[in-house]
Amino acid sequence: MADYIYLVQMDVPADLEEEFNRIYDIQHVPNIIKAPGVHGCSRFRLESSDADGTARYAALYENDSPDVPSSEGWMAESEKGDWPAKIRPHTTNRTHMIFKRIA
């Protein structure tokens, strides 16, 4: 069980949602989980929120330390596949949060 989670939230234009999900599932997640210190990733789509402006998509990465998302391994894996050129430039409303397990 990982001690940290890295929560990434974002929106993507409606006309790119299908491609966004395809690339995230078959390229981006499989690449990122190869980075040292990453134990898994779960993805979510927002169903409801009591806060205006909440991003529609979320990815929850299980990591060994808070430094994993800024590591060389993570950075190298995040630049592979179609994600950096075809998807990342079109994402908006991005947030990045790191949480430490307390119980």
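Strand S1 (residues 4-11) and strand S4 (92-100) of this predicted model pair in the antiparallel sense over 7 bridges, where strands are DSSP runs of E of at least two residues, helices are runs of H or I of at least four, both numbered from the N terminus, and two strands count as paired if DSSP finds at least two bridges between them. Within this pairing, Tyr4 stands opposite Lys100 in S4, and Val8 has His96 as its bridge partner in S4. S1 also pairs with strand S3 (residues 57-63), again in the antiparallel sense over 7 bridges, and in S3 the bridge partner of Val8 is Ala59.

These pairings belong to an open sheet of 4 strands with antiparallel pairing, in the order S2-S3-S1-S4. Its edge strands are S2 (38-45) and S4, each of which pairs on one side only, and the twist averages 15° from one strand to the next. Because 7 of the 8 residues of S1 are buried, S1 is largely enclosed by the rest of the structure; buried here means under 20% relative accessible area, exposed means over 50%, and partly exposed lies in between, with a 1.4 Å probe and protein chains only.

S4 also carries Asn93, whose phi is near 55°, a positive value in a residue other than glycine. Most residues other than glycine have a negative phi. At 35% relative accessibility, Asn93 counts as partly exposed. In helix H1 (17-32), by contrast, lies Asn31, which is buried with a relative accessible area of 11%. Leaving aside residues up to four places away in sequence, Asn31 touches Glu77, Lys80 and Gly81, contact meaning heavy atoms within 4.5 Å.

The largest pocket is lined by 15 residues, of which Tyr6, His28, Trp74, Ser78 and Arg94 lie nearest its centre. S1, helix H1, helix H2 (72-78) and S4 are the elements that give two or more residues to this lining. A pocket is an open set of points on a 1 Å grid over the protein atoms alone, with protein on both sides within 12 Å along at least five of seven lines, and lining residues have an atom within 4 Å of a point. The volume of the largest pocket is about 190 Å³, taken as the space filled by probe spheres set on the points, which are joined across faces, edges and corners. Its lining divides into 10 nonpolar, 3 polar and 2 charged residues.

Residues are numbered from 1 along each chain as its sequence is written. In this predicted model, local features need pLDDT of at least 70 and side-chain atom pairs count only at pLDDT 80 or more, while totals for chains, interfaces and linings use all residues, and side-chain values use heavy atoms, with hydrogens and water left out.

Conventions. Axes are lines fitted to C-alpha atoms, for helices over the stretch in contact, and angles run from 0 to 180 degrees between N-to-C directions. On a 1 Å grid over the protein atoms alone, a cavity is a set of points where a 1.4 Å probe fits but cannot get out, and a pocket is an open set with protein on both sides within 12 Å along at least five of seven lines; lining residues have an atom within 4 Å of a point. Ala, Val, Leu, Ile, Met, Phe, Trp, Tyr, Cys and Pro count as nonpolar, Asp, Glu, Lys and Arg as charged, and the others, Gly among them, as polar.
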